[in-house]
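Hi,

Here is the structure I promised to pass on.

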Amino acid sequence: MEALVPGLVAIGKGLAYGLAAIGPGIGIGVVAGKAVEAMARQPEMAGRLQTTMFIGVAFTEALALLGFVLTFLL
Amino acid sequence: MNPMDLLPMRIEELVHELSVLPFNDLHGTVTSPLTLTNYTFWGLIALVTTILFFTLVATKQRQRIAAAEASGKATDLAPTGRLTGMLEAGVEFVRDMAVDVIGPKDGPKYVAFLCTIFFMILISNMYGLIPGAKSFAGSIGGTVALALVVWVVFVFVGFKKNGAFGYMKSLIPEGVRKMPLAARIGLGGFIFLLEFISTFLVRPLTQSVRLFANMYAGHVILGVFGSFVWLFVPIIKMQAEQSFSVGGAGIGLLAMVFLIIMYAFEVFVAFIQAYVFTILTAVYIQSSVHASEH
């Protein structure tokens, strides 16, 4: 049983980051996709949209980063 | 013979070498947090480079202003030279961003701080792409230091602009503050707790980890592909000994192509991460400056 522990921890680390990345992955896809859509509709707003998009991406990404930190803590 | 044995360094050692965490190095010689590690050393070099670039350009521009005053011609004021142009484009980029995010009135006040952050990260990330050199953003210690500076700045600005009580009160949204007493205590307290955690604890954490994770992952990927390219070299030696492995050579070539692509991508990431870090700093400062409005 003892010998199993490091392996299980490794599996847990992989799962923790992998699962934490799913939601933000979809979220960032939606954010970037919508931003491109908006830029195509109104190219003159591209600069402001890009700024807003990066802010949105940064907040969405925070969740994946918490998973990344958790991976090191496990 | 397993071609992997011919690698100059074992992959684990290589990854460790690339990922040396703050107070811990490969040979265990770092015993105190104040030791000069690779990361702090290259961080200092990046700092000196940044200061040097800006002092150089500023001195040149001062001479131009003096010359223009002497000759009385406005055309003498126009900045020339590659370095000046490069830095001016960067500074203007950060200034536009600050005005865009923080606002036309308060924005220009923070341009100097944002420029420091932006150029420091950008130049040290660029150093990280030189083989042998390291980006201080590639260690969690460096990015935490940066994020803490940002934390101190936005908390200080928030307290100065709104007062300690006003800043804390602004964490609860306007609508909740107008509700009946019971809802104000229950819901307001809950939102205050959440906002307090996300503002004072999660912000520096995500900001530092984002930069660190991106640079670290980039270094590890470049390191791993770089070590695969080595597979190609012993193959040439083995060819002379009549034991040629096409597979190893193929992997070596493929890794080389990937390495070049990833390297170009890392240059892009260096820019993007400096930009994201700076824009988040601007957003945090903005939320402190205009705290009383939301």
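First, some housekeeping. This is a predicted model, so I kept to its ground rules: local features need pLDDT of at least 70, side-chain atom pairs count only at pLDDT 80 or more, and totals for chains, interfaces and linings use all residues. Residues are numbered from 1 along each chain as its sequence is written, chains are lettered from A and ligands numbered from 1 in the order in which they are written, and side-chain values use heavy atoms, with hydrogens and water left out.

**Where the chains meet**

Chain B brings 17 residues to the contact and chain A brings 13 (contact means heavy atoms within 4.5 Å). Together they bury about 1300 Å², with 81% of that on carbon and sulfur atoms; buried area is the accessible area (1.4 Å probe) that two parts lose on being put together, summed over both.

There is one salt bridge between chain B and chain A (a side-chain nitrogen of Lys or Arg within 4 Å of a carboxyl oxygen of Asp or Glu). It joins the side chains of Arg210(B) and Glu61(A), at 2.6 Å from N to O.

On the side of chain B that touches chain A, the elements giving two or more residues are α3 (82-102), α7 (181-229) and α9 (246-289). Helices here are DSSP runs (H or I, at least four residues), numbered from the N terminus. The largest share, eight residues, comes from α7(B).

Thr281(B) sits in helix α9. Is it buried or exposed? Thr281(B) is buried, because its relative accessible area is 0% (buried means under 20%, exposed over 50%, partly exposed in between, with a 1.4 Å probe and protein chains only). A polar atom of its side chain lies 2.7 Å from the backbone oxygen of Phe277(B). Leaving out neighbours within four places in sequence, Thr281(B) is in contact with Phe113(B), Leu114(B), Val150(B) and Gln207(B).

Gln273(B) is also placed in helix α9, and counts as buried at 7% relative accessibility. Which residues does Gln273(B) contact, leaving aside its neighbours within four places in sequence? They are Asn125(B), Arg210(B), Leu211(B), Asn214(B) and Met215(B). Gln273(B) and Met215(B) are 58 residues apart along the chain, with 8.5 Å between their C-alpha atoms.

Cheers

Note on methods: A polar contact is a pair of N or O atoms within 3.5 Å; within protein, one must be able to donate a hydrogen and the other to accept it, and residues adjacent in sequence count only if both atoms are side-chain atoms.
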